[in-house]
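Open the model in your viewer and keep the selection tool at hand. Each stop below says what to select and what is there.

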Amino acid sequence: MFRKMPIILLAIILLILSVDRFIPIYLKQFAYSLSLSVKSIIIFMLPILIFMLLFKTISQLSRTATKMIFFLLAALCFSNFLSTMMSSQIGSILYQFDLCIKIPTDQTALMPIWYFTLPKWIANDHAMFAGIFSGIFFSLFKPMLGLKISLYFEKAIQRMLNLLTFVIPIFISGFIIKLIHDQLLHTIIYDYSLIFILVAISQFIYIACIYLVSNRFCLSSFVHTLKNMLPAALTGFSSMSSAAAMPLTIIGTEKNTKNPSLTRLSTPITVNTHLIGDCFAIPIFAFAVMKNFGIPEPTFFAYLVFALYFVMAKFSVAAIPGGGIIVMLPILESQLGFTTEMSSLITALYILFDPVITCANILGNGGFALALNKLPVFANLEKTGNN
């Protein structure tokens, strides 16, 4: 079913665009309610999936696991820092324009008929660290028991991924209906076209370069690897949640790297922390808002300090709609002099473009794993994991 997923998702989007005006409001509300319910189930299952993925991978990597994790975290921080610094150049160009940005007015948003929510019994980052440390413990002190548990987890992981892949079309349909009903696509295209174009071009050119370099500039491989990530990217665009799209991110990245050990080690860690879309969008929006309010453009040193704080704050971001900007507001206020009004405007802009930002985050995570797979230290993971 995964091979047909891009066609299925595109067909759903085109169908809803074509018949939206004929869909009664109560059916829209029903579809949106159903999507929210499915999302709640996915989010509830994610800590289990993250724990099992990391435990299985690390327990099979034995003593190499600790070194791999530190190397992965260092590469993650470097990637976030590099993209944040590069985005300042685009922001500086935007700062030269004559901007007059207005806060989006409230619209009649589509509301669900019911709310089905499951308790958040454990945070994703807690499940991540639990999987890492327990995997290291069993690999060092109880390797045989760890191997037996990991084999059981492998079967459970595959069943969960198959189930989640099956419900993804149902999951995104309601969110597509809401995007169209709330006229979010119309607002993006007509009211904020200049900023949208600059953010989107900078994000996707940077991500395309990662895929091109990782594929050694082979265009056929470049297209193939992007195609494998398309289902996850479309899911992230519609749901505005990298976490909810994680099952498809895992599947697509595994197909690209042919290295399940690397994929199942990197994806749960990067889903909340490696956010290229945020690293480009938030700084560019910040430059636009500063120009709009007459705040001087930051010096290189001031922006460098901001970028360091920005990268560290990535480890506290929740991959949910609007989660990326919330934890950044104190940094924007302390390092770039944002006022309450400026924070309100950049929050509105971020939420408005969250579908595109989330899509870029997911594609960036796939490219990040693809690039790591070219390094000898990670390319050998698959051999290590199979021993």
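Start with Ser-261, Leu-262, Thr-263, Arg-264, Leu-265, Ser-266, Thr-267, Pro-268, Ile-269 and Thr-270, which are the buried residues of H10. The model is a predicted one. Now select the whole of helix H10, residues 260-270. Ten of its eleven residues are buried, so H10 is largely enclosed by the rest of the structure.

Which helix holds Glu-154? Glu-154 lies in H5, which covers residues 143-181.

Next, select Lys-56. Glu-154 and Lys-56 are 98 residues apart along the chain, yet their C-alpha atoms are separated by 7.2 Å.

Now show H5 together with H8. These two helices pack at an angle of about 45°, with their axes 8 Å apart. That angle makes H5 oblique to H8. Their crossing is left-handed. To see the contact, select Ile-168, Phe-171, Ile-172, Phe-175, Ile-176 and Leu-179 on H5, and Thr-235, Phe-237, Ser-238 and Ser-239 on H8. Colour this contact by class: seven residues are nonpolar, three are polar and none is charged. The spacing along a helix has a simple background: an α-helix has 3.6 residues a turn, so residues three or four places apart point the same way.

Stay with H8, residues 219-239, and bring in H7, residues 193-214. At what angle do H7 and H8 pack? The angle is about 125°, and the axes are 9 Å apart. H7 and H8 are therefore oblique to each other. Their crossing is right-handed. On H7, the contact is made by Ala-208, Tyr-211 and Leu-212; on H8, by Leu-219, Phe-222, Thr-225, Leu-226 and Met-229. By class, this contact has seven nonpolar residues, one polar residue and no charged ones.

For the last stop, select two cysteines. Cys-209 is partly exposed, with a relative accessible area of 42%. Cys-218 is partly exposed as well, at 30% relative accessibility. How many disulfides are there, if the sulfur atoms of a pair must lie within 2.5 Å? The count comes to zero.

Technical notes
Residues are numbered from 1 along each chain as its sequence is written. This is a predicted model: local features need pLDDT of at least 70, side-chain atom pairs count only at pLDDT 80 or more; totals for chains, interfaces and linings use all residues. Side-chain values use heavy atoms; hydrogens and water are left out. A disulfide is a pair of cysteine sulfur atoms within 2.5 Å. Buried means under 20% relative accessible area, exposed over 50%, partly exposed in between (1.4 Å probe, protein chains only). Axes are lines fitted to C-alpha atoms, for helices over the stretch in contact, and angles run from 0 to 180 degrees between N-to-C directions. Helices (H or I, at least four residues) and strands (E, at least two) are DSSP runs, numbered from the N terminus. Angles under 35 degrees count as roughly parallel, over 145 as roughly antiparallel, 65 to 115 as roughly perpendicular and the rest as oblique. A crossing is left-handed if the near helix is turned anticlockwise from the far one by less than a right angle, and right-handed if clockwise. Contact means heavy atoms within 4.5 Å. Ala, Val, Leu, Ile, Met, Phe, Trp, Tyr, Cys and Pro count as nonpolar, Asp, Glu, Lys and Arg as charged, and the others, Gly among them, as polar.
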